[in-house]
Amino acid sequence: MIPLLRWILLPISLAYLLIVWVRNKLYDEGILKSKSFDVPNIVIGNLAIGGTGKSPMTEYLIRLLSSHFRVATLSRGYGRKTSGFRYVEMTSTAIEVGDEPLQFKTKFPKLTVAVSEDRCKGIEILKNSHQVIILDDAYQHRRLKPGYTVLLFDFVSLFSTTITLPTGNFRDNFSASARANLIVITKCPRQLSLEQRQHIKHRIRKHSEAPIFYSAIKYEQLRDRTHLPVEFNLSAYHILLLTGIANPLPLKEYLVDKVISIKQLTFPDHHNFSETDYIKIHSAFQNITGNKIIITTEKDIHRLQDKILSAIPIYYIPVQLDFITDQSTFDQHILNYLSHAQSVNEH
């Protein structure tokens, strides 16, 4: 439900919607120019702000393609304090490159990971030494004409009002889904009813004929700050759930029946933790009695400073995108695109 205060901002949302519509129209009509590249590239994006699972989708494609192609990922590096093109190294920090690119590099050390707010410039630098470039969160970067697009919708968002910012959470018009090659509904319940699928299909088919796929969140084994898996009997612990992501609710729901109790400390998405924040974290942890640990997210662990929290047991839970149905069909669409793109380039 949208709070009353945000409804007051509806005139601003309508003005924002008009600006976005005009901008998209100028690109669609060729008045504003988009640049295309010969190197195959896959854009992952969403229409709403944050929380749709772009990072798990990026990692899914990395796993799918890395054994067959020279893959690079290119992100804006949201939340970083630097600018311009940068390669992400194992020694990089989230302040330098952003939390999600650092997460990719940590999990896939041999992968080329780069950040650039100008995606076209980034592709220019990467194109000659890579066979496919995966662009995280570039759906609205209209200066780039993508080779292939995967558009994500959070399951819950399709059962609520799709209003643009600041009243709603959408940063683009729903009709922009017409540009997608594939659409993936993320964070679905494991048992999707026929009525739910029909509702989703009805909403999307007003604008797009792209194939629709459904996925859920798969939580992996708990890991420590060195990224090693650990065995834990969570039922013996009180948890301080520390998050700086767009939507921490699914993680809380996953943990609630597995622990004695949960105290939650929530910060904004991509939040850079300050000295005041660390004091607050220490205080919240000290106020919990009994066996206790901090659990955070994989994105957050890259922004939390080890030295400041060294005396506190802190762990994180990685997540994966898990297709409910038609995984092989999704994979084949991606591979078919790359095969076609390669054959075109060869001729």
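Tutor: The crossing of helices α3 and α5 is right-handed (the near helix is turned clockwise from the far one by less than a right angle). This is a predicted model, in which local features need pLDDT of at least 70 and side-chain atom pairs count only at pLDDT 80 or more, while totals for chains, interfaces and linings use all residues. Residues are numbered from 1 along each chain as its sequence is written, and side-chain values use heavy atoms, leaving out hydrogens and water.

Helix α3 covers residues 54-65 and helix α5 residues 99-107; their axes come within 11 Å and cross at roughly 30°. Axes are lines fitted to C-alpha atoms, for helices over the stretch in contact, with angles from 0 to 180 degrees between N-to-C directions. The crossing angle therefore makes α3 roughly parallel to α5 (under 35 degrees; over 145 is roughly antiparallel, 65 to 115 roughly perpendicular, and the rest oblique). From α3, Ser55, Thr58, Glu59 and Arg63 meet Glu100, Gln103, Phe104 and Lys107 of α5, where contact means heavy atoms within 4.5 Å. Sorted by class, this contact holds one nonpolar, three polar and four charged residues (Ala, Val, Leu, Ile, Met, Phe, Trp, Tyr, Cys and Pro count as nonpolar, Asp, Glu, Lys and Arg as charged, and the others, Gly among them, as polar).

An open sheet of nine strands with mixed pairing has the order β3-β4-β2-β5-β1-β6-β7-β8-β14 (two strands pair if DSSP finds at least two bridges between them). Its edge strands, β3 (86-87) and β14 (319-323), each pair on one side only. Within this sheet, β1 (residues 41-46) and β5 (residues 132-136) are joined in the parallel sense by four bridges, and Ile44 stands opposite Asp136 in β5. Across β1, β2 (71-75), β5, β6 (148-154), β7 (182-186) and β14 lies α3, which runs at about 75° to β14. Helix α7 (residues 194-205) packs on the sheet as well, touching β6, β7 and β8 (212-219), and its direction makes about 125° with that of β8.

The loop between β6 and β7 holds Arg171. Leaving aside residues up to four places away in sequence, Arg171 touches Tyr16, Val20, Asn46, Leu47, Ala48, Ile49, Asp137, Gln140 and Leu165. The C-alpha atoms of Arg171 and Val20 are 8.3 Å apart, although 151 residues separate them in sequence. The side chain of Arg171 has a polar contact of 2.5 Å with the side chain of Asn46, and another polar contact, also of 2.5 Å, with that of Asp137. A polar contact is a pair of N or O atoms within 3.5 Å; within protein, one must be able to donate a hydrogen and the other to accept it, and residues adjacent in sequence count only if both atoms are side-chain atoms.

How values were computed: Helix = DSSP H or I, 4+ residues; strand = E, 2+ residues; numbered from the N terminus.
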